[in-house]
Amino acid sequence: MKAVAVVMGSASDLTRVRPVLECLDEFGVPCEFRVLSAHRTPGEVEEWAASLEKRGFGVVIAAAGWSAHLAGVVAARTVLPVIALPLSGGFLQGMEALLSMVQMPPGVPVAAVGVDGAKNAALLALEILAVEDHLLREKLRAFREEQRRAVLGADAELGRLLPGGGEP
Ligand code: RP5
């Protein structure tokens, strides 16, 4: 099974990034997790990103806040798919990070999820790995089914509790 490489720009990002690690762990998918900054440790980011493909990683998640160029810098050094996770916490509540990430100039793309969309970043990474991993695909299908049941359970429960709720 290929692994997921996860990087965040600062230790101060951990609270918002933790759901990535929890989700990958729930699915039993290995990951490497680093704190590296595009502007404070540019050499190390480049070296790390350039090493990923030959070390068996299949996809990268790069999380950062403020004017977030980490995902783009990582993408510049690898042809592995890079998922950009913009984080809130900056002056513009994550809008600056979102735009920095989603508006990559043509030629070196990153796939951006929503602000603080850590769980979606992890799920998207899993879906990318699942293209070549039948077992992981089955786990993702089971997860979707769990969600379906949870919504239908809530629907039935509210139908019992509230006037007008539930099926006629
Ligand atoms: C970004 O700058 C980091 O991803 C973090 O979100 C933000 C602030 O970093 P610290 O000053 O808290 O280290 O590079």
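This is a predicted model: local features need pLDDT of at least 70, side-chain atom pairs count only at pLDDT 80 or more; totals for chains, interfaces and linings use all residues.

Biologist: Okay, how many helices and strands does the protein chain have?
Modeller: There are 6 helices and 5 strands, taken as DSSP runs numbered from the N terminus (helices are H or I with at least four residues, strands are E with at least two). Starting at the N terminus, the order is β-α-β-α-β-α-β-α-β-α-α.

Biologist: At what angle do H5 and H6 pack?
Modeller: About 140°, with the axes 8 Å apart; H5 covers residues 118–130 and H6 residues 134–161. Axes here are lines fitted to C-alpha atoms, for helices over the stretch in contact, and angles run from 0 to 180 degrees between N-to-C directions. H5 and H6 are therefore oblique to each other (under 35 degrees is roughly parallel, over 145 roughly antiparallel, 65 to 115 roughly perpendicular, and the rest oblique).

Biologist: Which residues of H5 and H6 meet?
Modeller: From H5, Lys-119, Leu-123, Leu-126, Glu-127, Leu-129 and Ala-130 meet Leu-136, Arg-137, Leu-140, Phe-143 and Arg-144 of H6, with contact meaning heavy atoms within 4.5 Å. That contact has 7 nonpolar, no polar and 4 charged residues.

Biologist: And what about H1 with H5, what's the angle there?
Modeller: H1 (residues 14–26) packs on H5 at about 35°, with axes 7 Å apart. By class, the H1 contact with H5 has 9 nonpolar, no polar and 2 charged residues.

Biologist: Switching topic: what's the volume of the largest pocket?
Modeller: About 290 Å³. A pocket is an open set of points on a 1 Å grid over the protein atoms alone, where a 1.4 Å probe fits, with protein on both sides within 12 Å along at least five of seven lines; lining residues have an atom within 4 Å of a point. Grid points are joined across faces, edges and corners, and the volume is the space filled by probe spheres set on the points.

Biologist: Which residues are closest to its centre?
Modeller: Ser-10, Asp-13, His-39, Gly-65 and Trp-66, out of 19 lining residues. The lining has 5 nonpolar, 11 polar and 3 charged residues.

Biologist: And what lines the second largest pocket?
Modeller: Met-1, Lys-2, Gly-58, Leu-80, Ile-128, Leu-129, Glu-132 and Asp-133. By class that's 4 nonpolar, 1 polar and 3 charged, around a volume of about 160 Å³.

Technical notes: Residues are numbered from 1 along each chain as its sequence is written. Side-chain values use heavy atoms; hydrogens and water are left out. Ala, Val, Leu, Ile, Met, Phe, Trp, Tyr, Cys and Pro count as nonpolar, Asp, Glu, Lys and Arg as charged, and the others, Gly among them, as polar.
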